[in-house]
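This report covers side-chain contacts, the ligand site and backbone geometry. Start with the sequence and the model.

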Amino acid sequence: MKQILSLTALSLLSLTAVAAPRSAAETEAAVQDLLSRMTLEEKVGQLNQLSGYGAHPDMLGRIRAGEVGSLLNETDPAVVNRLQREAVRKSRLHIPLIFARDVIHGYKTIFPIPLGQAATWDADLVRQGARIAADEAGSVGIRWTFSPMVDISRDARWGRIAESFGEDPLLASRLGTAMVEGYQGDDLSDPRTMAACVKHFACYGAAEAGLDYNTTWVPMPLLRDVYLPPFKACSDAGAATFMVSFNDINGVPSSANRWLLKDLLRDEWGFGGLVVSDWSSTAMMVPQNYCADLREAAAKSANAGMDMDMESYAYIRHLPGLVRSGEVAEATVDSLCANVLRLKYRLGLFDNPYVDEKKAYDFYHPESLDAARRAVERSAVLLKNDKGLLPLDLASYGKVAVIGPMADDRHNQAGTWVFDLEKEHCVTPLEVLNGLAPEKIIYQRALKHTRDRSEAGFADARKAAGAADLVLFFAGEEAVLSGEAHCRTDLTLPGAQKELLRELRKSGKPIVMVVQAGRPLVIGDEADLCDAVLFLFHGGTMAGPGIVNVLTGVAEPGGRLPVSFARASGQMPLYYNRKGTGRPASGIVLIDDIPEEASQTSTGCTAFYLDAGDGPRYPFGYGLTYTSFDYSEPSLSADTLSADGSITVSCNVTNTGSREGSEVVQLYVRDLAGSLVRPVKELKDFSRVTLAPGETRTVSFTLPATALSFTRADGTFGPEPGEFNLWVASDSQSGTPVKFSLK
Ligand code: BGC
């Protein structure tokens, strides 16, 4: 105890000294010591998170009184220090604040939106991006980010698909954990790290009809096998905090879901960090028809184990009274408060509460911009490339028409969730092209923005296309069309972009379409009008250099789809790892081919849409390269697997083209019969290989029987004996299966 008291005393004296790492036991003793000296009101104050509004006297007063545990959205280091001084010097127990912010895909150096980072299938690059974000945000005093979002997203109508890693649990788990590692580094007390916050726990992406905040109804096997694995992986990776989701799951809002927050997260997974509400999600339980008033909401959330209340004022107003009336035990408040204090110790805030203003604003290092550009290149998915039009040799074209609303749009290429964007640092494709070959470029924006329906600019665009030898058409969605509360029912290109493209097609010139968007779009018609299509989820600061490098072959298109691309909006939700039907699509007859008065059964009786056929336009995992690859039949180290064993799967991959290129080799499995209907395919592993022309490499995966586990009919988790198909392929729809069995 003496040692703890002296540590606390020391920290008060040398407020800016860097902390020596504390052992877990020392931290725990310090937390308990502090708790024992806190009043009920002070404990509840620690559970209160507010959005900052500067060093306002009212805020300073709250901080002095110990009514605030954390602030979000303060980003001026001088203000951060001013507020922190109030907490550390003037509040009774000198407990520092944690400053939080939504740093979602970069602080100042903006990386591709998370869905774009998912398209890289590159955990190292995602980790590096998060490291850079923590370094930049840490320089102004932000020590907690509300990221990564690992909500499995199967519905492109949902605007927040942009913030996700897509539809696959394995990919989201690998990239989510990489992001956690990047933010948190090796030592969370380093001021240039941030606590990660894994969100939104849980099932937020299952929002009915792709409408944000909507209800979800998720049976246990789906919850456990699809929605939860990335959260579990991030918890195992040491994520410091979790955020609950706005939605209810099967009738119980996450903010008050005791099963979710206690039984599962704490007891089953052993999570020892902090759980924060989403923005006023506690208060939302009133209009959600779950709680009669804010007081009841506070009681339900506290009793469910939600530690910190963001901007609902539910805890600060009602928890002391609820404790006094016996509706919430003081021991419950103690345990919530202990989770907050532990995080503050882990972050080193008791020893080093202030941001170093002399080292603040440390942004845009050349290496950071370089990494952001590489992430753009690696996230660029080549969807179509007829006659090898790409990569372009600009020297071989006289004039190049650059047309469209996304060619030169610094704001919109950055994507959603960029509160701290300085768009003057963004470099657009047009700027780069003008730098490379100014004499060749004829630019026409043609549409003011992507939603513009006016055809006033079409005549000039037609003229430009007519005068050029090549058309680069930059289409897409503006940033504001995706992200929180920005859902769409129509997933096609907005505004008059398709009409513009039809006009350009009339020129007869080769057309390359580059799409930058926040979600997978329905672009089949547009792709048919173009010779080549490059798709990017908003690329951030370095979108321009990354895109132009890919177009010109300085870099290869490294991306593979982390989500399925539909043929029609009405196919949503659409995802590759679906359950099979008893009548898979066959003999598809489309609406225009049905004879008049055809009989009911004449189109067959299988699972397809009369107006869209079957399956995606571009499948999960898909992405062309500038070369071609050949896969041998996979060979297995054994064709029978025991329940505690594993097999090695090997496949020879050959670069059959004339350029070096990298391939994301994907391993899929199908369980042919189970106690519950099994998905048609599930990704089990993947690996990127870079091969010289003509080179062959053996790619091997270890497949343990445990990877075949699922939530079985009796509720237990594990694999079931039987037959399996296995593919090693370049996407979720190609390849020929080989069989193995589990004994
Ligand atoms: C969002 C969260 C975000 C929080 C804080 C909420 O509206 O759902 O993802 O972290 O606001 O800004």
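## Terms and basis

A residue is buried when its relative accessible area is under 20%, exposed when it is over 50%, and partly exposed in between, with a 1.4 Å probe and protein chains only. Areas come from the Shrake-Rupley method with a 1.4 Å probe, and for residues only the protein chains shown count as cover.

The model is predicted: local features need pLDDT of at least 70, side-chain atom pairs count only at pLDDT 80 or more, and totals for chains, interfaces and linings use all residues. Residues are numbered from 1 along each chain as its sequence is written, and side-chain values use heavy atoms, with hydrogens and water left out.

## A buried arginine

Arg373 has a relative accessible area of 19%, so Arg373 counts as buried. Arg373 is in helix H16 (residues 366–379). Helices (H or I, at least four residues) and strands (E, at least two) are DSSP runs, numbered from the N terminus.

What does the side chain of Arg373 contact? The partner is the side chain of Glu377, in a polar contact of 2.7 Å. A polar contact is a pair of N or O atoms within 3.5 Å; within protein, one must be able to donate a hydrogen and the other to accept it, and residues adjacent in sequence count only if both atoms are side-chain atoms.

## Aromatic pairs

A pair of aromatic rings is described by the distance of the centres and the angle of the planes. Rings of Phe, Tyr and Trp (its six-membered ring) pair if their centres lie within 6.5 Å. Planes under 30 degrees apart count as stacked, over 60 as edge-to-face, and the rest as tilted. The count by this rule is 24 aromatic pairs. Take Phe535 and Phe537: their ring centres are 5.1 Å apart and their planes meet at 65 degrees, so this pair is edge-to-face. Phe535 is buried at 0% relative accessible area. Phe537 is buried too, with 0% relative accessibility.

Tyr576 and Phe620 form a stacked pair, with 4.4 Å centre to centre and 10 degrees between the planes. Tyr576 and Phe620 each lie in the loop between helix H22 (543–551) and strand S17 (629–631), so the pair ties together parts that are 44 residues apart in sequence. Both Tyr576 and Phe620 are buried. Ring pairs also join Tyr576 and Phe620 with Trp121, Tyr668 and Phe686 in a cluster.

## Charges over rings

A charge sits over a ring if NZ of Lys or CZ of Arg is within 6 Å of the ring centre and within 35 degrees of the ring normal. The charged end of Arg678 is over the ring of Phe710, 3.6 Å from its centre. Lys681 lies over the face of Trp727, with 4.2 Å to the ring centre.

## The ligand site

How many residues surround the ligand? There are 13, and the closest are Asp102, Arg160, Lys199, His200 and Asp278. A residue is near a molecule or strand if one of its heavy atoms lies within 4 Å of it. By class, the shell has 7 nonpolar, 1 polar and 5 charged residues. Ala, Val, Leu, Ile, Met, Phe, Trp, Tyr, Cys and Pro count as nonpolar; Asp, Glu, Lys and Arg as charged; the others, Gly among them, as polar.

For Asp102, an N or O atom of the side chain is 2.4 Å from a ligand oxygen. For Asp278, the corresponding distance is 2.6 Å. Lys199 places a polar side-chain atom 2.7 Å from an oxygen atom of the ligand. Taken alone, the ligand exposes 310 Å², and the protein buries 94% of that.

## Backbone geometry

Most residues other than glycine have a negative phi, and most peptide bonds are trans. The peptide bond from Ser147 to Pro148 is cis, with omega near 10 degrees. Pro148 lies in the loop between strand S4 (144–145) and helix H8 (169–184). The bond from Leu390 to Pro391 is also cis, with omega near 0 degrees. Pro391 is in the loop between strands S11 (381–385) and S12 (400–403).

Tyr213 is not a glycine, yet has a positive phi of about 70 degrees. Tyr213 sits in the loop between strand S5 (197–201) and helix H9 (220–227) and is partly exposed at 33% relative accessible area. Ala485 has a positive phi near 60 degrees. Ala485 is in the loop between strand S14 (470–476) and helix H20 (497–505) and is partly exposed at 44%.
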